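Take a slow look at the fold below.

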Amino acid sequence: MDAINYSSKFEEYRQKILHLNQYAWDNDKTWGEIETWLNNFNGKFISFEQRDREKLLALHLLSNFNYFSQDMVRQMLKSCYEELLVIPLKQKIRRENNDTLDIDFIRCKFEVELSQTKFIGAGNPSESGTHLLYFFRQMNELSTENFCDFHESFTEDHLGNIKLRPLNTTKRFVFFDDLVASGEQLTKFTVNRVKKIKESHPDIEIHFMSMFATAKALKKINASEAFDGNAKTLFILDESYKAFGKKSRYFKNRTTPSKTKLKGFSGLYSQLLVGSERHKHGYNASQLMLGFSYNTPDNTLPIFWKEKEYFVPIFKRFRKMG
């Protein structure tokens, strides 16, 4: 590639990313930060002499990154509540009352149902699901009485038996998370507990909601005895969201770099960063290209988030401790 073509293509990507930063990323990234990230790519994939070509590959991936700013996340939390709980619950109230159209009646019934509903963050109290419930409550103007942690509502003995605490009148528990990519973490920390709750309290409704979930993970947790079809997500990530998958949405334009070249480029640098063949395209080869203002999931390609003494990420991931 000659200097003129390189400069032209570089500027094309630069303008696209500046536009994304202004209108979708809430100006969270400066061009200086992006240039610092680009300097990580020093010719290991092609050659030192042609390292600028690697920067174009990196820019192509960055220009297709799905970044969700703080304002966007808050709006999605509002949509989660409305679309995944309020609307279905009001529809249920109507069906159970001869398809009534009495708005005041439906509203009163809904308020009663809401007073018997509690939201719980899926996983550890310090993780993103629980963290986001603070903003979830704000955006939807809910009472603090609608939220609890697991041990506030349940007791768990040394044998692992789980029971509702005495005098608890909750009818419905809704577990919440931001992203379910593989379903492994959810299965490990939440699904097994939910199974035990249903065994001891079959009358309690157990639901799960998230902002994002892969189609495969959502199917997996819905098929489990725990959620049994009551797991919902605002946005399903189908196979087209896999960066290098057969149905990838990132290679519709024939003028883009080849999928093989981009996969090799990303994979080489990512494997050096994470030291794992299995996870070089994100945890369990998830191949996602998304991140949030508060953190970046490890299911995303590591070249975006992995930090090393010699590598500065553009969307840093704050790892779990312990």
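Helices here are DSSP runs of H or I with at least four residues, strands are runs of E with at least two, and both are numbered from the N terminus. The model is predicted, so local features need pLDDT of at least 70, side-chain atom pairs count only at pLDDT 80 or more, and totals for chains, interfaces and linings use all residues. Residues are numbered from 1 along each chain as its sequence is written, and side-chain values use heavy atoms, with hydrogens and water left out.

Start with helix 1, which covers residues 3-23. Lysine 9 and glutamate 12 sit three residues apart in this helix, so about one helical turn separates them. The two form a salt bridge (a side-chain nitrogen of Lys or Arg within 4 Å of a carboxyl oxygen of Asp or Glu). Their closest N and O atoms are 3.5 Å apart. Is glutamate 12 buried, exposed or partly exposed? Its relative accessible area is 47%, which means partly exposed. The cut-offs are these: buried is under 20% relative accessible area, exposed is over 50%, and partly exposed lies in between (1.4 Å probe, protein chains only).

How many salt bridges does the structure hold? There are eleven. One of them joins the side chains of lysine 92 and glutamate 205, at 3.3 Å from N to O. This pair links distant parts of the chain. Lysine 92 has 27% relative accessibility, so it counts as partly exposed.

Glutamate 307 and lysine 316 also meet through their side chains in a salt bridge, again given as 3.3 Å from N to O. Glutamate 307 is partly exposed at 45% relative accessibility. Lysine 316 is partly exposed too, at 36%. Some salt bridges share partners, and these join Lys92, Glu113, Lys171, Arg172 and Glu205 into one network.

The axes of helix 3 (residues 51-62) and helix 10 (residues 259-274) come within 10 Å and cross at roughly 95°. Axes are lines fitted to C-alpha atoms, for helices over the stretch in contact, and angles run from 0 to 180 degrees between N-to-C directions. Helix 3 and helix 10 are therefore roughly perpendicular to each other. The cut-offs for angles are under 35 degrees for roughly parallel, over 145 for roughly antiparallel, 65 to 115 for roughly perpendicular, and oblique for the rest. Contact means heavy atoms within 4.5 Å. Helix 3 brings Arg53, Glu54, Leu57, Ala58, His60 and Leu61, while helix 10 brings Lys261, Leu262, Phe265, Ser266 and Tyr269.

Next come the cysteines. A disulfide is a covalent bond between the sulfur atoms of two cysteines. The rule used here asks for a pair of cysteine sulfur atoms within 2.5 Å, and the count comes to zero. Cysteine 80 is buried, at 0% relative accessibility. Cysteine 148 is buried as well, at 10%.

Finish at tryptophan 25, in the loop between helix 1 and helix 2 (31-38). Tryptophan 25 is buried, with a relative accessible area of 1%. Beyond its neighbours within four places in sequence, tryptophan 25 contacts Ile17, Leu20, Leu62, Phe65, Tyr67, Ser69 and Phe315.
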